[in-house]
Amino acid sequence: MKKLTYILAAFLGLGLNLHAQTPKGSILIKNATVLTVTQGNQENTDVLVQDGVIKQIGKNLSAPSGVTTVDATGKYLMPGIIDAHSHVALDVVNEASSPITSEVRMKDVVNPFEIGIYRALAGGVTVSHAMHGSANVVGGQNATLKHRWGAKDPAEIIMQDAPRTIKFALGENPTRVHGRGNGIQPRTRMGVEAVLRNGFNEAIQYKKAWETYNSAKAQKGNNTPPPAYSERLQTLADILDGKIIIHCHSYRADEIYMLINVARDFGIKKLVFQHTNEGFKVAPEIAEYTMGASVFADWWAYKFEVYYSTAFNAAILHRNGAITSINSDSAELIRHLYHEAAKTQRYGGLTDDEALAMITINPARQLGIDDKVGSIEVGKQADLVIFEGHPLSSYAVPQMTFVDGIKYFDIKKDKDDQRQLVAATEMVEPIFLRADEEAHRCMQDVDAYFEAFQGAFLEEHKH
């Protein structure tokens, strides 16, 4: 019997090894200027990491047996940078076939081999929000990624304990794709609102149908069949129930306020605006009713509806009490988010902590992961970056980047040709039919969609 027990234990052990846990590291970083973001700066301070978690912050700490020590004398240590709006590690972005496609999930198309992950690490970015595009009024569900470069299984770079999020879009993107492209609603901005309200009302009816069925099936002799299951409507129902955070592509103040009113009417509180170029016009409303805004530092006027903005946008939102983050929406800009944060000091006079919060703890709050990352505090996950020079200096250079206490980037061990590698799906010279209208990646793949299917739509309309 005892022998059989040993054999079963061995097989169980083998089974557990088939699904290896995410690697965690242990390290002692010595003598750094620690920029905690939430608890001030600490000079000549050590940070001890064990099993991927920050265990101690203080002076003259000793490394436990087997723990590597890194001397950061004269350098700066800050939390890993978080990009709240990214498309890095995604091979496809837009499911442009319907105004509502809440059933699709970005985690199903995550590519852990994309070189953009490594380039992001070289810029100190440890977490990114891999988002669906903005072709749809209600797009797909996003994925929050940890940049564990070298992982082969997509699940290994997905932050499994992050809350669910979903992409919405307002304005010309969905009206162009669906109204002008397919001849279906929405064709106008008021049509976008109608799609949202109709979708949520349908989800309410869907919820009621299931509640009625679940109540009836407990009754003796009941043979009522269940309602037809819909992943699309179930996802909308989960939004209504507060299980999913909305991240909405937006530009104009009028439609930002429109979505605030829609959310209030349906009791939705988990809402973050993305881009939000005219957010400064409705900053008090964003602060009162939403989880804030994730904005560009100084990027606008790349098409008419985003013609009007200001580099003071982030500072105005922040001064009005809105949780504000600065994002990239770009495989290139993601490597320079610390420079983008510094622009809020030139345009708005923010303090170091306020500026750094916009690329650390604030995006963490918007993604619902601020209890895990976004600041250097005991008990948080050890996503850390060592800088040569203050991160907000124009001369700052990231030296080492750690995720869960494991070093994934070291400038001194960076291969000469590492950053010249390209993704297998990346074109040498990217071609976009509407490049002048949309410079960022939110509309990626839509051109191919139109090329493949627009002819079929035109033929159908002839009959």
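Mentor: A polar contact is a pair of N or O atoms within 3.5 Å. Keep that cut-off in mind for this predicted model.

Trainee: How far does the backbone oxygen of N277 lie from a polar atom of the side chain of S309?

Mentor: First place the serine. S309 sits in the loop between β13 (293-295) and α9 (313-319). A polar atom of its side chain faces the backbone oxygen of N277 at a distance of 2.9 Å.

Trainee: Is S309 buried or exposed?

Mentor: Buried means under 20% relative accessible area. The value for S309 is 11%, so S309 is buried.

Trainee: Which strands stand at the edges of the open sheet?

Mentor: Start with the order. Six strands run β8-β10-β11-β12-β13-β14, with mixed pairing. An edge strand has a single partner, so one of its sides lacks a neighbour in the sheet. The twist from one strand to the next averages 25°. The edge strands are β8 (138-141) and β14 (324-326).

Trainee: Which residue is the bridge partner of V138 in β10?

Mentor: Strands of a sheet pair through backbone hydrogen bonds. Here β8 and β10 (residues 164-169) run antiparallel, joined by two bridges. In β10, the partner of V138 is F168.

Trainee: What classes of residue make up the lining of the largest cavity?

Mentor: The structure holds one cavity of 30 Å³ or more. Its space is about 30 Å³. The lining is F168, F200, I246, L259, A263, I268 and L271. By class, that gives no polar, no charged and seven nonpolar residues.

Methods
Residues numbered from 1 in each chain as written. Predicted model: local features only at pLDDT ≥ 70, side-chain atom pairs only at ≥ 80, totals over all residues. Heavy atoms only, no water. 1 Å grid on protein atoms, 1.4 Å probe; cavity = no way out; pocket = protein on both sides within 12 Å on 5 of 7 lines; lining within 4 Å. Points joined across faces, edges and corners; volume = space filled by probe spheres on them. Nonpolar A, V, L, I, M, F, W, Y, C, P; charged D, E, K, R; others polar. Pairing = 2+ DSSP bridges. Helix = DSSP H or I, 4+ residues; strand = E, 2+ residues; numbered from the N terminus. Axes fitted to C-alpha atoms, helices over the stretch in contact; angles between N-to-C directions. Buried < 20%, exposed > 50% of the residue type's maximum accessible area, 1.4 Å probe, protein only. Polar contact = N/O pair within 3.5 Å; in protein donor to acceptor, adjacent residues only side chain to side chain.
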